[in-house]
Amino acid sequence: MATAIYGRKKHMTQAFKDDGTQVSITVLEVEPNLITAVKTEEEHGYEAVQVGFEQVAASRVNKPHAGTFAKVDAPPRRNLKELRGVSGAAGATLGADVFSEGDRVHVSAASKGKGFQGTIKRHNFNRGPISHGSHNVRAPGSVGASADPARVFPGQKMPGQMGNKNVTVRNLEVVVVDAEKGELWVRGGVPGGRGAVVNIRKAGE
Amino acid sequence: MITSENLKQPETAFRPGDTIRVDYRVTEGNRERIQSFEGLCLARKGSGIQETFVVRKNSFGVAVERIFPLHSPKIADIKMISRGSVRQSKIYYIRQKVGKKARVKKAR
């Protein structure tokens with residue numbers, strides 16, 4: 001059975017191992033995830049749990065949203081998401097202690113948005129000459145052949161939205177688990193800015 | 001396994017210009033011993049758990065500088081040898097001085 005949880009990226013810092021080596025740390029804030037509903041293979045076609053996290057005032061949520069929490073008799077949470085493959089009972093909570101120190105985890109989040117970017121920044125293209133009358137400074141260059149195939153192939157690298165898409169960093173080491181403070185320290189960087197919602201799941205499951 | 005920021009060792013009150021001795025744990029094979037590095041503190045950099053400091057000493061006519069992470073568990077002790085009085089917070093200008101000029105005024 002899969003082990004996973006939602007949290008938020010807090011900040012980065014350093015820590016020392018006992019042998020004195022420094023490690024880069026990302027601190028993830030993990031509030032207990034409240035299981036609001038269970039999806040089953042027979043009824044829904046897949047196994048998952050629906051979880052809510054980050055408690056909000058009842059006045060901040062609409063009626064359908066509040067209804068989900070009324071079913072498990074709990075105050076509403078800001079976010080409602082699903083964790084595929086995780087099992088549990090409605091009304092139970094998943095805390096940071098679903099992981100233990102030394103575990104390997106995959107962390108997914110939306111990367112920092114860079115906006116609409118050209119090919120140089122987005123796909124590491126090279127630029128043309130700036131001087132000697134050149135008009136080919138940051139242009140993308142040729143996008144294909146001629147009369148045959150008479151079209152541009154799908155997937156051609158072109159300018160467009162960069163960043164703000166889901167990125168997964170795999171096999172990060174869990175260094176510290178603090179269920180009381182609701183903190184999870186992983187070794188290395190995590191996509192997204194501070195406060196980004198992150199999905200943390202155990203590697204190899 | 002890890003020392004976090006709230007577990008850092010007590011604040012050692014030394015400043016650039018002070019002469020200090022750093023007792024550093026060195027692992028040789030499976031034996032651990034303490035190596036002392038005594039010299040002039042040139043700078044302290046960074047803050048929190050990332051803070052480091054630079055120590056310069058003269059080793060048999062060759063100047064040696066080492067950068068230590070202040071909160072490293074490998075640092076067994078930092079001893080104050082003498083206090084110095086300097087105007088800059090980074091006294092790198094000492095590197096350019098030789099002989100009698102490469103000294104720091106004693107703090108009163």
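Trainee: Why is A:Lys202 called partly exposed?

Mentor: Its relative accessible area is 25%. Buried means under 20%, exposed over 50%, and partly exposed in between (1.4 Å probe, protein chains only), so A:Lys202 with its 25% is partly exposed. Bear in mind that this is a predicted model, where local features need pLDDT of at least 70, side-chain atom pairs count only at pLDDT 80 or more, and totals for chains, interfaces and linings use all residues. Side-chain values use heavy atoms, leaving out hydrogens and water, residues are numbered from 1 along each chain as its sequence is written, and chains are lettered from A and ligands numbered from 1 in the order in which they are written.

Trainee: What makes A:Asp103 and A:Lys202 a salt bridge?

Mentor: You need a side-chain nitrogen of Lys or Arg within 4 Å of a carboxyl oxygen of Asp or Glu. Here the closest N and O atoms are 3.6 Å apart, so the pair qualifies. The two residues are 99 apart in the chain, with A:Asp103 in the loop between strands 6 and 7 of chain A and A:Lys202 in strand 12; strands are DSSP runs (E, at least two residues), numbered from the N terminus.

Trainee: And is A:Asp103 buried or exposed?

Mentor: Buried, because its relative accessible area is 12%.

Trainee: What about chain B: which residues form a salt-bridge network there?

Mentor: B:Arg21, B:Asp23, B:Asp77 and B:Lys79. B:Lys79 bridges B:Asp23, with the closest N and O atoms 3.2 Å apart. B:Lys79 is in strand 6 and B:Asp23 in strand 2 of chain B, so this pair ties together parts 56 residues apart in sequence. B:Lys79 also bridges B:Asp77, again with a closest N and O distance of 3.2 Å.

Trainee: How do you know how the lining of the largest pocket divides by residue type?

Mentor: Ala, Val, Leu, Ile, Met, Phe, Trp, Tyr, Cys and Pro count as nonpolar, Asp, Glu, Lys and Arg as charged, and the others, Gly among them, as polar. On that basis the lining has six nonpolar, six polar and eight charged residues. It is made up of 20 residues, and B:Leu40, B:Arg56, B:Ile94, B:Ala102 and B:Arg103 lie nearest the pocket's centre. Strand 4 of chain B gives the most, with three residues.

Conventions: On a 1 Å grid over the protein atoms alone, a cavity is a set of points where a 1.4 Å probe fits but cannot get out, and a pocket is an open set with protein on both sides within 12 Å along at least five of seven lines; lining residues have an atom within 4 Å of a point. Helices (H or I, at least four residues) and strands (E, at least two) are DSSP runs, numbered from the N terminus.
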